[in-house]
Structure formats: structure tokens, C-alpha cells
Amino acid sequence: MIKLSLSRTEALEAAIRRLPTHSPERSFLEKELYNITAGMRGEQRLMKKLIEFYSQEKYEIIWNNSLSLGNWPVQIDGLLLTSRVAIVIESKNISGELHFDNDTGEFYRIDSLAGKTVMDNPAIQIEKHVRFMKNWLREHAIILPVDGLLVFTAKQSELKSLPQNIRTCRTHQMIERLFQIINDYPTPTYTKSSLLTIRRLIENKQTPYIQKPLIEQYSIQPYLFNTGVYCTHCRTPTIKKHRRTWLCEECGLEDKKAPHQAVLEHFALFGGPVSNKEIRSFTGINDRHVIKRLLTDLDLSKEGAKKNRNYFLKKNRDT
Ligand SMILES: [Zn+2]
């Protein structure tokens, strides 16, 4: 089964492989990949901890929400629906000494090696998500208050000061904090069946997250990327066509999916639509019939006829 598109981390890995070893662009993307995978690990810690949430009252938890209001898209890590309040839960996997300066709204980390690093204030992000959910529920005629909880998931983190407006804790304190928030809202409004209806509505309204082409997102010059079909073993562009299969000239690995992977990398890096010629120059495969076959295998959308044909990824795909 051929994959339909690359995930964000796969796209970053591909971009890193194709950039010159000591370029600033490559080290920037390496840092970005590190942060994203750290975030994903943090989210997993949070999900694992939430197993300990047990309440006599009814509740529903929905993870990885991509919702939108008009043109305003948001991504919310976790949403806990209870009969009294909906709680937006966001995780941050940042290690070191963490400080919220409530006078300036600044958030920073003090690290023994790197010193002071100012970062986007996650409390402001969660306030925005709470405001979003209030509007979203109102728009769908659901009367339920919304609150938020910010959870720091890094094992080596120390909260030196807290934000004023958003409850904040570390993973091991999360369950207690959730009950404290729920207790702030004494009146239950919803029953189990109506909570389930809200859950289904939220699940049905998920909008697929559309990934921007990587060169656009990070402002990277297209010419910096190396071309060719990469070997997953040697991590070099040494895969070539040999009769009916694809082989690495370095290690002999046979990988029939490698050229399809290269086409998907082209889409992840540069977006679409794309022509047969562009894929020829990106993969270094100088045979328009072979490329046509690859593009057909991938079940892409097409426009234009014959030599003017362009291909693009079908919309509404999971990325
Ligand atoms: Zn190889």
C-alpha cells in the first residue's frame, strides 16, 4: 500500500536529508523536528496520565482536535467534556526553569547551558483556545462553560512562577487540577447521552489540517535541496531503476517504494501542482514514461492533457 502523503515529521526528515550538511537551514529544521517530536512525546505522557481520571459524573475526552470557525483554524491537544464544564488541555514539553512574567506577558526559560530563552507564551495560546471553544459551542447552540489547563510534561522542568489567568501544572498534578476546575462549576447541565451527542458533533466537525509546503512555511530557497531518490538505509540519493525494480547502488537495497516516496517529498517540500518534467528533474529519473507510471500509481488529481498535464494531491487527506 502506497502512502498518500507525508506527515509533518516525515516531511521535515526528508527536507533535512536533502539540505547541505552545515547549512543554517538544515540546523534550523533539525531543531524544529526535535521540538515537534518532543511535543508529541509530551502529549503521549498526558494521554497516559489521563487514564487516572475517574469520575462518578459523566465525561468524554477528545484528543487532537482540528476545528475551525470561519477562517480561524485551531488545534487543541485535548478537550475534556464534563456535565458542568468543557476543559481545554494543552501540553508543553519544555525542560528547564520556567518563568511567567505577568507584568510583561513574557514567558521564558532559564537553562544552565543556554541561559535565558524567551518563547511564545503558552498561557496566551490556551486563553485563545478557550475563547475559541466558547464561540464554537455557542455557534452550535451548546450552553457549556469553557475553562483551560496548561500542563508542562517535561520531566526536567520546574515552574518558578505561574500565569495569572490560566491554571498551570506539571503532569503529576494534572488530575487534581482538573477536579479543582470542575468543582468551580457547581451546576451540572448535561447527561451522559447529551455529552455523547456533543462529542459526536465535535468529531464530525474536525477539519483536516492542511500542511503548507515546507519551503513556504520556513522560507527556504528551493535550489538548496539535493535531488535524487534516497535510500532509507544509506540516506544518500543512490536509488536507481534496474529492470523491473529499484536498487541502491551503494548497499544493494531493493526498494520499490523509494521513487514514490521521492514524489511525495516533492509535494511536501514545494506543494503542487507538479508536472512530469518537474518530477524528472527532482528525482533524476530521466524517463517521462517511468515518471508517468509513478504519478499514476499515487492516485493523484490531474488537470490538463498529455504534455501539459499537472498533478496534485487530492484534498481532504489525513496528513
Ligand atoms: Zn543504500
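**Note on the core, salt bridges and cavity of a predicted model**

1. In the largest nonpolar core, which has 38 residues, Leu-29, Leu-214, Ile-220 and Phe-225 touch the most other members. Such a core is a set of buried Ala, Val, Leu, Ile, Met, Phe, Trp, Tyr and Cys residues joined through side-chain atoms within 4.5 Å, where buried means under 20% relative accessible area, exposed means over 50%, and partly exposed lies in between (1.4 Å probe, protein chains only). At least two residues of this core come from each of helix 1 (8–18), helix 2, helix 6, strand 11 (245–248), helix 7 (258–270), helix 8 (276–283) and helix 9, and helix 7 gives the most, with seven residues. Helices (H or I, at least four residues) and strands (E, at least two) are DSSP runs, numbered from the N terminus.

2. A word on the basis of this note: this is a predicted model, in which local features need pLDDT of at least 70 and side-chain atom pairs count only at pLDDT 80 or more, while totals for chains, interfaces and linings use all residues. Residues are numbered from 1 along each chain as its sequence is written, and side-chain values use heavy atoms, with hydrogens and water left out.

3. A search of the whole structure finds 12 salt bridges, each being a side-chain nitrogen of Lys or Arg within 4 Å of a carboxyl oxygen of Asp or Glu. One of them joins Arg-26 to Glu-30, with 3.4 Å between the closest N and O atoms. These two residues are four places apart in helix 2 (residues 24–49), so about one helical turn separates them. Arg-26 is buried at 17% relative accessible area, whereas Glu-30 is partly exposed at 38%.

4. Asp-297 is partly exposed, with 32% relative accessibility, but Arg-293 is exposed, with 57%.

5. The side chains of Arg-84 and Glu-57 also form a salt bridge, at 2.4 Å from N to O. Arg-84 lies in the loop between strand 2 (72–82) and strand 3 (86–92), and Glu-57 in the loop between helix 2 and strand 1 (59–69), so the pair ties together parts that are 27 residues apart in sequence. Arg-84 is buried at 13% relative accessibility, while Glu-57, at 28%, is partly exposed. Elsewhere, Arg-17, Arg-18 and Glu-265 are linked in a network of salt bridges.

6. A cavity is a set of points, on a 1 Å grid over the protein atoms alone, where a 1.4 Å probe fits but cannot get out, and lining residues have an atom within 4 Å of a point. The structure holds one cavity of 30 Å³ or more, and the largest cavity has about 40 Å³ of space, a volume being the space filled by probe spheres set on the points, which are joined across faces, edges and corners. Its lining divides into three nonpolar, two polar and two charged residues; Ala, Val, Leu, Ile, Met, Phe, Trp, Tyr, Cys and Pro count as nonpolar, Asp, Glu, Lys and Arg as charged, and the others, Gly among them, as polar.

7. Finally, Cys-234 sits in the loop between helix 6 (214–217) and strand 10 (239–242) and is partly exposed at 25% relative accessibility. Leaving aside residues up to four places away in sequence, Cys-234 touches Cys-248, Glu-250 and Cys-251, where contact means heavy atoms within 4.5 Å. Cys-234 and Cys-248 are 14 residues apart along the chain, and their C-alpha atoms are separated by 8.5 Å.

Key. On a 1 Å grid over the protein atoms alone, a cavity is a set of points where a 1.4 Å probe fits but cannot get out, and a pocket is an open set with protein on both sides within 12 Å along at least five of seven lines; lining residues have an atom within 4 Å of a point.
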